[in-house]
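User: I would like to go through this model one question at a time. Please show it first.

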Amino acid sequence: MMAKNILTTLIIGLLTLQVAYAHLGTLTGIVFDGNTHLPLRDVTVQLVGLGKATLTDELGRYRFDGLVASPYKVEFSHIGYGTVTQEIAITDDQTTHVQTALTVAPVNLSSVTVSALKANTQQLISSLDIRLRPITNSQEILRLVPGLFIGQHAGGGKAEQIFLRGFDLDHGTDIRLTVDGMPVNMVSHAHGQGYADLHFVIPELVESVDFKKGPYTSDKGNLATAGWADFRTRTTLDRSFAKLEMGQYDTYRAVAGIDLLGQKGKSNDQSAFLASEYSYSNSYFDNPQHFKRVNVVGKYHSHIAPNTNLTLTASTFWSKWNHSGQIPDRAVESGLIGWFGSIDPTEGGETSRSNLNAQLVTVTPKNHTIKNQFYYSNYNFELYSNFTFFLNDSLNGDQIRQKEHRNLFGYNGSYATQTFIGQTHWTTTFGAQYRQDITHGTELSHTKNRVETLNQIQYGNVNEINAALYADEVVQVSSRFSINAGVRIDYFRSQYADLLINPASTRRVSQAIVSPKLNFYYTVNPHFQLYLNTGKGFHSNDARVVTAQNGREILPGAYGADLGIIIKPIPQLLINAAAWYLYMKQEFVYVGDEGVVEPSGRSRRQGIDLSARYQLTKSLFADIDLNTATPRSLDAETGQNYLPLAPVFTSTGGLSLQTVYGLSGSLRYRYMADRPANEDNSLVAKGYFVTDMQLNYVRRQYTLGLSVQNLFNTRWKETQFATESRLKGEAAPVEEIHFTPGTPFFARLSLTYFW
């Protein structure tokens, strides 16, 4: 009898619970940009006073289930947009759907909250940052990543040298760069592994840059050891524009962007634009640079179905230039050449890249997100350099040519679901990636005056495949605590056909690597978050190297950890600090006389990153980044274990102004301390402190701009190498610092017209 009563009570309770849930309502909605009509992702949607919040998906959508019939106050907030609050009434058994438009507004740090929903996603470079800082090309946007420095040592056409977290990354060996998900880095490149040339991107079209330091992200694979950055370009133009720039040293630049569909297209959820850029400069070197660059890009975006977006991008880029190369200290000190002079005036290069990129995003009725991306690039590269002058050939000199023709194609796909288990929220993502690089005539040759080939050192074809699968889980345990766990498996097949052997010799090797990730985020309150990032990453080695070594260390691993905090001690101040560690199974060493990078031994880096952004007034912002690193080789004796050119202390900072009267601008500095130039620190790469300025006056129909690089005309060395070289007539070679001089005072004026 007692059991019967218990069973009856349980049935009544379940029926009561079912009736209760049957009378709960649902809130769904879409958040979009009020000007472009495009959906906004990662908007924070909060039920005020209830502690419930979510983020919008790729299509700007959000959903709340199980709401008691009642009026609700819903708040929408997103960095760079004004916060909107709506009163929405929920009724029993009904789904209430609303559409919300956000409009662009000045950044207000007091409205930024530290949230477990956006675990550590404050690492975003916004269009505001890009507009307010001196940017002359898209590669310089990388400088906005806290602690990242770049250096140009080949006249502006070659990809810049990159420094981050105690790494001399050469041109991209240990940082993964993408544009709208399409890879920038070139593996097994003629000049160096991971070579990343961003000059095919028009900076005015960059909307934002997502980035993260360390190997902690499941969908980022090869080269993402020191970190990664993804440039996101504009999907639509607010208005058509034309921009003219002119500056010192015969510098000219013209950019135009044409909105092809206008407001009518946007009202039909479509947009298309065509943009182009032309640049010319002789630059500040004694040897005129004759630098020329042309960019053309077209983009189309459409809602091809209610829940599906299609984005198509096509672009082409070409550049040609002369450059002065690296010059030795002794040549300047003796008066043989000036500070901006050159030893071999015939150095220079030519490069081009054409891209096709198709992205398809679908969100199913059950809120599952499916992404498909297909991309293709045709790439050509030719570079003439002379690092050692007359060291190896005292008669003709040591000039080399590095050249290749490449076809690159690939696929990125993912499937993501969201599930509620009790009070926890689970976001599960499965992904697949494929990339294949096929080069023709990858070459390293000894040349003379850029016209005569004296000797072919390397000449062959590369065929490299990287296929990967990954799984990623984000568990929102509570409004304060979240866990991110992931794992990826990468397979590489490296093939090199050596065409200098008759008949040609082809070698293939393959290897796979498993990379787990585990990250924790604990938000104490809306002003304080703790996080721990851990993970394994890797960089692939050059196919020519690994096939010659029978596959040894194709994919050396990197193991890292970040322990950090994000705090807002006062409403106007945001601070991000982290202590970090990175161990690598293989380091790289730059070999100046051959102009290549070779694999070496194990290494360890550790340091502290500190970033702070403070809103002084409604219109004035201050920011500072401080970055320390202790990079060491683990396979060398103490005192002989320095990692050449690896930065040990860097800092950037400045003031940014944005007023309601149209005046905006910035005054910024960057500082790199002295650092070892060779393994025993007997040669030192001297540090520098350089200040830049940007001023803009914005009206509805036009913008006037003044950009000044090196405001105080500091004499500095932008890139430096410890290189053994011999000048013409010298009896013996000398090892010392060889450098490229940094930009002197360099002013540019610009006028942009909108319609």
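User: Is F149 buried or exposed?
Analyst: This is a predicted model, in which local features need pLDDT of at least 70 and side-chain atom pairs count only at pLDDT 80 or more, while totals for chains, interfaces and linings use all residues. Residues are numbered from 1 along each chain as its sequence is written, and side-chain values use heavy atoms, with hydrogens and water left out. A residue is buried under 20% relative accessible area, exposed over 50% and partly exposed in between, using a 1.4 Å probe and protein chains only. The relative accessibility of F149 is 3%, so F149 counts as buried.

User: How does Y688 count by relative accessibility?
Analyst: The value for Y688 is 6%. Under 20% is the range for buried, so Y688 counts as buried.

User: What kind of pair do the rings of F149 and Y688 make?
Analyst: The centres of the F149 and Y688 rings are 6.5 Å apart. Their planes meet at 55°, so the pair is tilted.

User: How many residues apart in sequence are the parts that F149 and Y688 tie together?
Analyst: Strands are DSSP runs of E with at least two residues, numbered from the N terminus. F149 lies in strand β9 (residues 149–151), while Y688 lies in strand β43 (residues 688–698). The pair therefore ties together parts whose separation in residues is 539.

User: Which residue forms a salt bridge with D609?
Analyst: A salt bridge has a side-chain nitrogen of Lys or Arg within 4 Å of a carboxyl oxygen of Asp or Glu. For D609, the closest N and O atoms are 2.9 Å apart, and the partner is R165.

User: Which residue meets R668 in a salt bridge?
Analyst: The N to O distance of this salt bridge is 2.9 Å, and the partner of R668 is D623. R668 is in strand β40 (residues 663–672), 45 residues apart from its partner in strand β37 (residues 620–629). Both side chains belong to buried residues, R668 and D623.

User: Is E724 buried or partly exposed?
Analyst: E724 lies in strand β45 (residues 717–725). Its relative accessibility is 41%, so E724 counts as partly exposed.

User: Which residues form a negative surface patch?
Analyst: Patch residues have over 30% relative accessible area and no salt bridge; like charges are joined within 9 Å and nonpolar side chains (Val, Leu, Ile, Met, Phe, Trp, Tyr) within 5 Å. Asp and Glu count as negative. The negative patch consists of E679, D680, E724 and E735.

User: What is the relative accessible area of S515?
Analyst: S515 lies in strand β30 (residues 505–525). S515 is buried, because its relative accessible area is 0%.

Technical notes:
Areas by Shrake-Rupley, 256 points an atom, 1.4 Å probe, with all protein chains shown as cover. Charge placed at Lys NZ, Arg CZ, Asp CG, Glu CD. Helix = DSSP H or I, 4+ residues; strand = E, 2+ residues; numbered from the N terminus. Phe/Tyr/Trp six-rings, centres within 6.5 Å; stacked < 30°, edge-to-face > 60°.
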